[in-house]
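The tour goes from the whole chain to its cores, and then to a few single residues.

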Amino acid sequence: MAVVVTLAASPSPSSRTSCLVSHVRGGLLARGHDVGHLELRELPAEALLQGRADDPPVRMAVDLVRDADGVVIGTPIYKASYSGLLKVFLDLLPRHALAGKCVLPLATGGSPAHALALAYGLHPVLTAMRARRICPGRFLLDSQFDATEILPEATGPLDRAVAEFDDDLSAVLERLPG
């Protein structure tokens, strides 16, 4: 099976985004993937803001992305864009850090209008970083969560996204030499 890393890019310790990423992570684990996880807010802020990729916790996070076959990126949408925390982390990655990888973008936000941030904000960045396959992203409204979990009506589409991501990972791994 594939090696996948999930990234939660919310600055809040009790975030809907982390809940969303956790749900997807559980689905990937159930499918037999080796899944690592990063809460970007736990990385040292000073190192991130100063672009110090050699800082040991940041280096470990960069290495997890480098070694993964697939990356799940979860971000809240603030002011029609992905989080600044995600931006500083992506800026620390090498230019083609996503080359050969499948990427599943996920987002949470308060308005359906924010769903466009995946296509118009995050997708171009992932393309520039040479992601081999960017799966159709999933956006969940804040109203699709209760205090601690995703409401049942939102889990179906999310589980289908996990299945599609799993299929894409399998296809990419089949094409790799050796």
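Two residues are in contact when they have heavy atoms within 4.5 Å. On that criterion, residues 24 or more positions apart account for 80% of the contacts in the chain with a separation of 6 or more. Before selecting anything, note that this is a predicted model, in which local features need pLDDT of at least 70 and side-chain atom pairs count only at pLDDT 80 or more, while totals for chains, interfaces and linings use all residues. Residues are numbered from 1 along each chain as its sequence is written, and side-chain values use heavy atoms, with hydrogens and water left out.

**The whole chain**

Show the chain as a cartoon and colour it by secondary structure, taking helices (H or I, at least four residues) and strands (E, at least two) as DSSP runs numbered from the N terminus. The chain has 6 helices and 7 strands, and from the N terminus on its elements run β-α-β-α-α-β-β-α-β-α-β-β-α. With a radius of gyration (taken over C-alpha atoms) of 15 Å, close to the 16 Å that the globule rule (2.2 Å times the number of residues to the power 0.38) gives for 178 residues, the chain is as compact as a globular protein of that length. Its C-alpha trace spans about 40 × 40 × 25 Å along the principal axes. Buried residues make up 46% of the 178 residues, where buried means under 20% relative accessible area, exposed over 50% and partly exposed in between (1.4 Å probe, protein chains only).

**The cores**

Next, select Leu-7, Leu-40, Val-71 and Phe-89, the residues with the most contacts inside the largest nonpolar core, which has 36 residues. A nonpolar core is a set of buried Ala, Val, Leu, Ile, Met, Phe, Trp, Tyr and Cys residues joined through side-chain atoms within 4.5 Å. Several elements each supply at least two residues of this core, including strand E1 (3-8), helix H3 (56-67) and strand E3 (70-78), but the largest share, 5 residues, comes from H4. Centre on Phe-89, which, not counting residues up to four places away in sequence, touches Leu-7, Leu-38, Leu-40, Leu-43, Leu-48, Ala-61, Val-62 and Val-65. Apart from this core lies another, of 23 residues, among them Leu-28, Leu-104, Phe-145 and Val-162.

Now look down helix H4 (residues 84-92), where Leu-85, Leu-86, Phe-89, Leu-90 and Leu-92 are buried. These residues cover an arc (of the directions from the helix axis to the C-beta atoms) of only 155° around the axis, which puts them on the same side of H4.

**Single residues**

Glu-39 is buried, with a relative accessible area of 15%.

Move on to Asp-166 in helix H6 (residues 152-175), which at 10% relative accessibility also counts as buried. Leaving aside its neighbours within four places in sequence, Asp-166 is in contact with Arg-31 and His-33.

Finish at the cysteines, where the count of disulfides (pairs of cysteine sulfur atoms within 2.5 Å) comes to 0. Cys-102 is in no disulfide, and the nearest cysteine sulfur, that of Cys-135, is 5.4 Å away; Cys-102 counts as buried at 0% relative accessibility.
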